[in-house]
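These are my notebook entries on one chain, kept in the order in which I looked things up. I begin with the surface and end with single residues and their backbone.

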Amino acid sequence: MKERLTNNLVIKLLSVGIALILWILVVNLSNPVITKVISDIPLEVLNEDVLTDAGLTYEIDGKKTVSVTVQVETLNYNKIQKSDFRAYVDLNNLWSVTRTVPVQVETVSNKGLLKSDPVPTTDVIHVVTEPIQEKTFPVQIYTTGTPSDGYAPGTQVAEPSTVTVKGPESLVGQIHSVGVTIDIEGKDGDVSGNSTPIFYDANSHEITDSDFKEKVTVDTDQIAYTQVILRIKELALNFEITGQVAEGYRFTGTSSEYKSVPVAGYKSVLAELTSLQISDPELSLDGLTADKTVRIDLNKYLPSSSLSLAGMESSIISVTLRVEPLVSQDYTLSTAEVTMTGQDSDYTYSFDEKTIEVTVQGLEEDLNQLDASQLRATIDVTNMQEGSNEGSLAFDLDDSFVVQSYSPFTITVTAKNNAASPSQQTTGANTASESDGIEETETQE
């Protein structure tokens, strides 16, 4: 009999059901009072102006919700919700020593269902205070991307040009700039629009921390911006050199890291320009005996305020004025290479020397490439009298050279009806060649 009872599932279930029914009957008849915990009741903060008027901001340390316990009859247990209660702290009651404030809870509905007043599980909360800071920032416009080929970003305009930020000192101190970021990728014209202010850190990265959006305010919610896109043109640099180097030296030119620079501006302004004229007082040669390097700020020589340098890290460039010493070199000039002009057909003309030593001054490199045949020496015998005449040469040389001196010589002028002596038989460009040391006799007419 006992085994039948323990092994019969129906009897077991029936017993459980009867027990449950008996329990429900007992509860409904007695309806005992039990404790209920209501969690996550939002915590309100009253009288915040007490701190703001003192130049302080605050932060609740820890959770911003509280739990309460209440006594409630069993049958009303599920009727009590967290919306039936209001939890708050009053900053008028903030204790300055511990920076704590008591939590207060009141019942806003279903109060008749409760058998006790609600009691918060946390008696006090800790409040962290911090000075409020106001700071004014110039509005910055940051760009991403690059304009179309042949264009460059120009001036930027923001309205308003400054904004005032207000918030906890620790947060405002992290803000390096305030502004907007705009995309200029592939643009060939001005870009404009409106954007909400963005906070940037010291690396010009946007600050995305949610605390900034919640606790930091800006005195404007919109910034109007315009990014000008300019045309680029390559302009040659023309350096205007003044003064004279010291005697015995020569200016050999300028050298610079840039022969031309890209300049951005309005198309109509650039159309009239082909070069930048650089007339800096530093570009003076006066008294130089060696190279001189100067630094020039190109911005000073942009002919219009609407122009700007494009793609250069700095507007300052280095320019070197090259100066080299002059040297002298001797050349042996054959009199046969001297061109004679102004001869009278009744006379013959002859040199008393077969060679002339010529001293030429110039740059060493140039002199090393100069040959005596390139001196192109001439002599004018138009006004010479019969007999011995002192010779005077003229040279057709490049301006790079200066003939300093040449060895003296004479020209002998002889009438053709007189007997010709051996020394008189040589004329400037028609000198007969020698054979075995004996001069040929000039053919008489």
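**Entry 1, surface and overall content.** I first took the accessible surface of the protein chain, which comes to about 26,400 Å², with carbon and sulfur atoms supplying 48% of it. The model is a predicted one, and I kept that in mind for every value noted below. Of the 445 residues of the protein chain, 33% count as buried. I then looked up the secondary structure and found 7 helices and 30 strands in the protein chain. For the contacts between residues at least 6 apart in sequence, I noted that 75% join residues at least 24 apart.

I traced an open sheet made of 5 strands, in the order β6-β4-β1-β3-β7, and its pairing is mixed. The edges are taken by β6 (104–107) and β7 (119–120), each of which has a single partner strand, so one side of each is left without a neighbour in the sheet. I followed the pairing of β7 with strand β3 (residues 65–73), which is antiparallel and runs over 2 bridges; within it, Val68 stands opposite Pro120 in β7.

Which residues does Ser67 touch, leaving aside its neighbours within four places in sequence? I located Ser67 in strand β3, and I found it in contact with Val37, Ile38, Ser39, Asp40, Val119, Pro120 and Thr121. The relative accessibility of Ser67 is 17%, so it counts as buried, the limit being under 20%.

I also checked Lys63, whose place is in the loop between β2 (56–61) and β3. Lys63 has a relative accessible area of 61% and is therefore exposed, since the limit for that class is over 50%. Between the C-alpha atoms of Lys63 and Ile125 I noted a separation of 9.1 Å, although the two residues are 62 residues apart along the chain.

I next traced an open sheet of 3 strands in the order β16-β21-β19, in which the pairing is antiparallel. Its edge strands are β16 (249–256) and β19 (292–297), each pairing on one side only. On average, neighbouring strands of this sheet are turned by 25° against each other, with direction ignored.

**Entry 5, strand β11.** Is strand β11 (residues 177–183) largely enclosed or largely open? I found that 5 of its 7 residues are buried, so β11 is largely enclosed by the rest of the structure. I then listed its pairings: strand β8 (residues 124–144) and β11 run parallel and are joined by 6 bridges, with Gln140 opposite Gly179 in β11. With strand β13 (residues 198–200), β11 pairs in the antiparallel sense over 3 bridges, and the bridge partner of Ser177 in β13 is Tyr200.

A cis peptide bond joins Glu159 and Pro160, with omega about 0°. Pro160 lies in the loop between β9 (151–159) and β10 (162–168).

For Asn47 I noted a phi near 60°, a positive value in a residue other than glycine. Asn47 is found in the loop between β1 (33–46) and α3 (49–52), and with a relative accessible area of 33% it is partly exposed. For Arg99 the phi is near 55°, also positive in a residue other than glycine. Arg99 is found in the loop between β4 (85–90) and β5 (100–102), and at 22% relative accessibility Arg99 counts as partly exposed.

Terms used:
Residues are numbered from 1 along each chain as its sequence is written. This is a predicted model: local features need pLDDT of at least 70, side-chain atom pairs count only at pLDDT 80 or more; totals for chains, interfaces and linings use all residues. Side-chain values use heavy atoms; hydrogens and water are left out. Helices (H or I, at least four residues) and strands (E, at least two) are DSSP runs, numbered from the N terminus. Buried means under 20% relative accessible area, exposed over 50%, partly exposed in between (1.4 Å probe, protein chains only). Two strands pair if DSSP finds at least two bridges between them. Contact means heavy atoms within 4.5 Å. Accessible areas come from the Shrake-Rupley method with a 1.4 Å probe; for residues, only the protein chains shown count as cover. Axes are lines fitted to C-alpha atoms, for helices over the stretch in contact, and angles run from 0 to 180 degrees between N-to-C directions.
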